[in-house]
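Subject: Handover of a structural model

Dear colleague,

Please find the structure for your review below. The findings follow it, grouped by topic.

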Amino acid sequence: MRTVLKVCVVAAALAVTAGADDKAAKPPEGFTPLFDGKTLDGWKATGKADQWAAEGGSIVCKGGGGGYLLTDKEYGDFEFRCEYKWGKAGGNSGVALRTPPKGDPAYVGMEIQLIDDEGWPGKLADYQHTGSIYDVQPAKEAANKKIGEWNTVRIVCQGRKVTITQNDKELVSANLDDYEKKFDKHPGLKREKGHIGFQSYNVHVEFRNVYVKELK
């Protein structure tokens with residue numbers, strides 16, 4: 001009887017712990033939620049809308065074909081935070097910054113690369129690794145969590161300065177004016193404001209605890 005009771009107590013404790021892990025956190029002080037945890041109100045897909053859903057407190061990208069899911073509102077100087085996890089190995093996605101509603105955000109805006117660096121089946125260019133400003137500034141080596149575990153992302157855009165941090169490790173600290181030779185191919189580097197969003201590329205990926213703080 002005692003053994004059975006002990007097993008039940010342990011199981012209950014694990015259930016509580018799991019529930020606490022899955023529960024959305026409160027916004028950090030000064031931050032505004034971009035996702036209400038239940039709907040995609042305030043967002044619009046540039047591709048197939050049915051590839052995006054609000055499920056289990058997360059923004060879910062079911063796979064490729066969804067284009068980008070962009071905020072209705074535009075942001076200029078801001079700090080952005082979110083968490084993401086892959087549904088399986090070989091995932092590729094990204095965070096769009098200061099992008100207009102039409103065009104490829106990697107060029108007409110900026111794209112911060114999110115990818116399964118270890119599980120990607122091909123060879124990656126230095127600017128394709130997690131945290132990189134795509135095709136502009138390569139990132140330092142990321143400390144990725146295991147597939148199915150949550151990674152944290154923090155992005156600060158203030159004037160011409162862009163800083164990207166993943167899992168508490170700074171991967172990029174860039175001054176966009178240092179990339180003048182890229183301006184023709186990447187006119188988005190010159191933009192002062194635009195939409196924030198997530199990329200639909202291939203496998204299932206989820207985003208949660210999506211917050212922004214506008215900076216003066």
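**Pockets**

The largest pocket holds about 190 Å³ of space. A pocket here is an open set of points, on a 1 Å grid over the protein atoms alone, with protein on both sides within 12 Å along at least five of seven lines, where a cavity is a set of points at which a 1.4 Å probe fits but cannot get out; lining residues have an atom within 4 Å of a point. Grid points are joined across faces, edges and corners, and a volume is the space filled by probe spheres set on the points.

This is a predicted model, in which local features need pLDDT of at least 70 and side-chain atom pairs count only at pLDDT 80 or more, while totals for chains, interfaces and linings use all residues. Residues are numbered from 1 along each chain as its sequence is written, and side-chain values use heavy atoms, with hydrogens and water left out.

The lining of the largest pocket consists of P28, R81, C82, E83, T152, V153, R154, T165, N167, D168, N209 and Y211. Two or more of these residues come from each of strand 6 (78–86), strand 9 (151–158) and strand 13 (205–214). Helices (H or I, at least four residues) and strands (E, at least two) are DSSP runs, numbered from the N terminus. By class, this lining has four nonpolar, four polar and four charged residues. In that classification Ala, Val, Leu, Ile, Met, Phe, Trp, Tyr, Cys and Pro are nonpolar, Asp, Glu, Lys and Arg are charged, and the others, Gly among them, are polar.

The second largest pocket has about 150 Å³ of space. Its lining is formed by Y68, N92, D104, A106, Y107, E111, Q113, Q128, Y134, Q199 and Y201. Helix 2 (105–108) and strand 8 (110–115) each contribute at least two residues to the lining of the second largest pocket. Five residues of that lining are nonpolar, four are polar and two are charged.

**Salt bridges**

There are seven salt bridges, each being a side-chain nitrogen of Lys or Arg within 4 Å of a carboxyl oxygen of Asp or Glu. One of them joins E79 and R154, with the closest N and O atoms 2.8 Å apart. This pair links distant parts of the chain, since E79 is in strand 6 and R154 in strand 9, 75 residues apart. E79 is buried at 7% relative accessibility, whereas R154 is partly exposed at 32%. Buried means under 20% relative accessible area, exposed over 50%, and partly exposed in between (1.4 Å probe, protein chains only). E79 and R154 also belong to a network of salt bridges that includes R81.

R208 and E83 form a further salt bridge (3.4 Å, N to O). Here R208 in strand 13 is linked to E83 in strand 6, 125 residues away in the chain. R208 is buried, with 7% relative accessibility, and E83 is buried as well, with 16%.

R160 and D177 make another salt bridge, their closest N and O atoms lying 2.9 Å apart. R160 is in the loop between strand 9 and strand 10 (161–166) and D177 in the loop between strand 11 (169–175) and strand 12 (194–199), so the pair ties together parts that are 17 residues apart in sequence. R160 is partly exposed at 23% relative accessibility, and D177 is partly exposed at 43%.

**The cavity and D117**

The whole structure contains one cavity of 30 Å³ or more. The largest cavity has a volume of about 50 Å³. Its lining comprises W86, I115, D116, D117, E118, N144, K145, I147 and N151, of which three are nonpolar, two polar and four charged.

Which residue in the loop between strand 8 and strand 9 deserves a separate note? D117 lies in that loop. D117 is buried yet has no salt bridge, and the nearest side chain of opposite charge, K169, is 10 Å away. Lys and Arg count as positive and Asp and Glu as negative, while His and the chain ends are not counted. The side chain of D117 makes polar contacts of 2.8 Å with the side chain of H129 and of 2.8 Å with that of N144. A polar contact is a pair of N or O atoms within 3.5 Å; within protein, one must be able to donate a hydrogen and the other to accept it, and residues adjacent in sequence count only if both atoms are side-chain atoms.

Yours sincerely
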